[in-house]
Amino acid sequence: MDEPHPGTAVETGPDPGRSGAWDDALLAARLLKTGGAQLGGLWLKARAGGVRDAYLSHLKDLFGTGTPWMRVPGSVSHSALLGSIDIPATTRSGRVVATRGLLERADDGVLLVPMAERLDAASAAIIGNVMDSGTTRSPVRSPDREQSVLSARFQVIAIDEAASAEEHIPHALSDRLGLVADLSTVAWRDVAGPSPEPKRQASRTWLEVEIGAVVSELLSQVLSAFGCSSLRRLRYL
């Protein structure tokens, strides 16, 4: 696969001759930007390469420079996710000093999880719990033993690099991702193109769109036909 050249633009306009998978991925990117944390995030099936790099670059451009992007290391600890007491700083200052966790720092932004199929179940459960509540707690307790509630509303981009059916993202995480994009069949020729179309502000948000009971039932049947029996998935309808 050819690697992207510096200055190469990602083609975002419709093209009948281009891979439908790439168009689907671009649509997922727009929905992710519009839907916010309510959509949970994106399950991105893609191996390392130029296509994935171009797509991630497109996502960053779409969200803008003001959006925090927090990358989860492969061997992330629970204290790194939630924050912990900084022992050296506490010793030096004579007062309790806390380090901010990745989930708090990702507030109003994106939590990027590379090689998500290797994320341990406990870490996935912690991330999923924070996604549900939109909050985390400070590791520092007040004199009455209470912990401050901290905002942690973010979208997750979980990169699935699984090479076999035995590898998969932990259900505690994948179950909470409302969007799926598969770049495994996308070639570089589908990605490169002229300058992207101008960005347009949506006239309404997805929360303003109502879906009737008949359409909701039809979508539920489609999910069931594709083998998805998760009740969490239905909340995105």
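Mentor: Ile85 counts as partly exposed, at 32% relative accessibility, where buried means under 20% relative accessible area, exposed over 50% and partly exposed in between, with a 1.4 Å probe and protein chains only. Before going on, note that this is a predicted model, in which local features need pLDDT of at least 70 and side-chain atom pairs count only at pLDDT 80 or more, while totals for chains, interfaces and linings use all residues. Residues are numbered from 1 along each chain as its sequence is written, and side-chain values use heavy atoms, leaving out hydrogens and water.

Trainee: Which strand is Ile85 found in?

Mentor: Ile85 belongs to strand β4, residues 84-85; strands here are DSSP E runs of at least two residues and helices are H or I runs of at least four, numbered from the N terminus.

Trainee: Moving inwards, why is strand β9 described as largely enclosed?

Mentor: Seven of the seven residues of β9 (residues 154-160) are buried, so the strand is largely enclosed by the rest of the structure.

Trainee: And which residues point which way from β9?

Mentor: Phe154, Val156, Ala158 and Asp160 point one way, Gln155, Ile157 and Ile159 the other, and all of them are buried. In a regular strand, side chains alternate between the two faces of the sheet.

Trainee: Which strands pair with β9?

Mentor: Strand β2 (residues 41-45) pairs with β9 in the parallel sense over five bridges, and strand β6 (residues 109-113) also runs parallel to β9, joined by five bridges; pairing requires that DSSP finds at least two bridges between the strands. Leu44 has Ile159 of β9 as its bridge partner, whereas the partner of Leu111 in β9 is Val156.

Trainee: Switching to rings, how many aromatic pairs are there?

Mentor: The count comes to two, taking rings of Phe, Tyr and Trp (its six-membered ring) with centres within 6.5 Å, and calling planes under 30 degrees apart stacked, over 60 edge-to-face and the rest tilted. The ring centres of Trp22 and Tyr55 are 5.7 Å apart and their planes are at 70 degrees, so that pair is edge-to-face. Trp22 lies in helix α1 (residues 20-35) and Tyr55 in helix α2 (residues 50-63), so the pair ties together parts that are 33 residues apart in sequence.

Trainee: Is Trp22 buried or exposed?

Mentor: Trp22 is buried, with a relative accessible area of 0%, and Tyr55 is buried with a value of 0%. Phe63 and Trp69 form an edge-to-face pair, 6.2 Å centre to centre with 90 degrees between the planes, and both are buried.
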